[in-house]
Amino acid sequence: MTELPVPVPGTTSDTLMWADPTTVEPEALDQLRAISRLPWLAKLRVMPDVHLGKGATVGSVIAMRDAVSPAAVGVDIGCGMVAARTNLTVDDLPDSLHAIRSRLEELVPVGWKSHTGTAPVLSRDEQLKGRFTTLFDRFGQLRAPHIDDRETRALSQSGTLGGGNHFLELQADDTGTVWLMLHSGSRNIGKELADRHITEAKGLDHNLDLAVFLAGTPEMDDYLHDLYWAQEYARLNRDIMMRTFKGVITEFFPHATFDHDVNCHHNYVSQECYDGVDLIVTRKGAIFAGSGTLGLIPGSMATGSYVVRGLGNATGLCSASHGAGRRMSRRAARRTFTVDDLAAQTAGVESRKDEGVLDEIPGAYKDIDAVIHDQTTGPSPLVEVVARLRTLLCVKD
């Protein structure tokens, strides 16, 4: 096996990859080479879940000097994970988890759906309501053009899951302890803000898919202002759903209690310092893995997830993967697999097993255990494993 990390073949800058290049699709490698040629690039780090993305490669950590590329973050600004350990064990659970899944699907809109008004839990949780009110008091200060008419939709999508690889899951660790986990982002408002700023950046430089804003310009100030708002929205969105998730669990198990949440973005921007140089770091499909920081790395809808602890590896820009990563496109998955395959690959997991989620079949994703291996072993590990979780129930659209 290749000893990791390795330089990205054909790149011209400070680039390192925590994956065997021979296992990465050629199109993703081409995308990484294009990133490496950006004149503002200081460092490029590639995580083991790397695969082709729109604009920038998923699983890339891009550190720039005095510049930021909106496409290097992507359109689901602030997308990320949250998990909570409970005092329940698998012995407390009923033989069938269908009633719990149905209740979650009733209270947390999935796919394109919104709430009528706002999330019901906001009327019962004063702390969340205060954060919600403060966030939307600043909506009128967003600087992207023609965004004012998106406020109503943003309000109604607070506390909603979205579709694709977003999920709510009930999981259990090796001791049998039950965990709650969810994956979601900034919904339509994050996409609307990203699209407008990406268009603005490309208008300044039509020759770059990864067009940038430069430090000291109003365009960069405007983008970062809106991006930080969207990241806050995404975090609040997860917290609203997790509060709702906990409420469902206490309906079924009144004695349930919950540990402190583990919460992390994996599509976001951060200003960090490495080797004494201030850099603007974009993580697209990567989490922060600072020393002692807890993070979440999910697999696919039936293969389980990992709770990890960051090792503060500065060589890796204090980063780790955000999940297993796709090994085939959604279209290819639908061509390759059948609903019967989906049922077989999700056997034992309470979940949908129909055509609507076929593109999320586990076979469309990389092996989560191999992805974890590539960042926990070798001369430059990024994280250590805290817990391996197996999937019991999955809600997705």
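Biologist: Before the aromatic residues, what makes two rings pair, and how are the planes classed?
Modeller: Rings of Phe, Tyr and Trp (its six-membered ring) pair if their centres lie within 6.5 Å; planes under 30 degrees apart count as stacked, over 60 as edge-to-face and the rest as tilted. Keep in mind that this is a predicted model.

Biologist: How many aromatic pairs does that rule give?
Modeller: The count comes to seven.

Biologist: Which residues do ring pairs link into a cluster?
Modeller: The cluster consists of Phe132, Phe136, Phe139, Trp229 and Tyr233.

Biologist: Is the pair of phenylalanine 132 and phenylalanine 136 stacked, edge-to-face or tilted?
Modeller: That pair is tilted, with 4.9 Å centre to centre and 45° between the planes. Phenylalanine 132 and phenylalanine 136 are about one helical turn apart, because they sit four residues apart in helix α3 (residues 126–137). Both of these phenylalanines are buried.

Biologist: And what about tryptophan 229 and tyrosine 233?
Modeller: Their ring centres are 5.7 Å apart and their planes lie at 25°, so this pair is stacked. Tryptophan 229 and tyrosine 233 belong to helix α6, four residues apart, or about one turn of the helix. Both are buried.

Biologist: Switching to sheets. What is the strand order in the sheet of seven strands?
Modeller: The order is β9-β5-β7-β6-β16-β14-β13, in an open sheet with antiparallel pairing. β9 (262–265) and β13 (294–298) are the edge strands, each with a single partner, so one side of each has no neighbour in the sheet. On average, neighbouring strands of this sheet are turned by 30° against each other, direction ignored.

Biologist: How many bridges join β14 to β16?
Modeller: Six bridges join β14 (residues 305–310) to β16 (residues 383–395), and the two strands run antiparallel. Arginine 309 stands opposite glutamate 384 in β16.

Biologist: Which helix lies across β13, β14 and β16?
Modeller: Helix α9 (residues 368–376), which runs at about 165° to β16.

Biologist: Which residues of α2 are buried?
Modeller: In α2 (residues 98–107), Ile100, Arg101 and Leu104 are buried. Seen down the axis, the buried residues of α2 fall within an arc of 100°, so they line one face of the helix. Their cover includes β6, α6 and β16.

Biologist: Last topic, the largest nonpolar core. Which residues touch the most other members?
Modeller: Met181, Leu296, Ile297 and Ala320, out of 47 residues in that core. β16 gives the most to this core, with four residues.

Biologist: What does alanine 320 contact, leaving aside neighbours within four places in sequence?
Modeller: Alanine 320 is in contact with Met47, Ala286, Ile287, Ala289, Ile297, Gln375, Leu382 and Val383. There is also a second, separate core of 32 residues, including Val73, Ala194, Ala201 and Ala211.

Methods: Residues numbered from 1 in each chain as written. Predicted model: local features only at pLDDT ≥ 70, side-chain atom pairs only at ≥ 80, totals over all residues. Heavy atoms only, no water. Pairing = 2+ DSSP bridges. Axes fitted to C-alpha atoms, helices over the stretch in contact; angles between N-to-C directions. Contact = heavy atoms within 4.5 Å. Buried < 20%, exposed > 50% of the residue type's maximum accessible area, 1.4 Å probe, protein only. Arc of directions from axis to C-beta. Core = buried A, V, L, I, M, F, W, Y, C linked by side-chain atoms within 4.5 Å.
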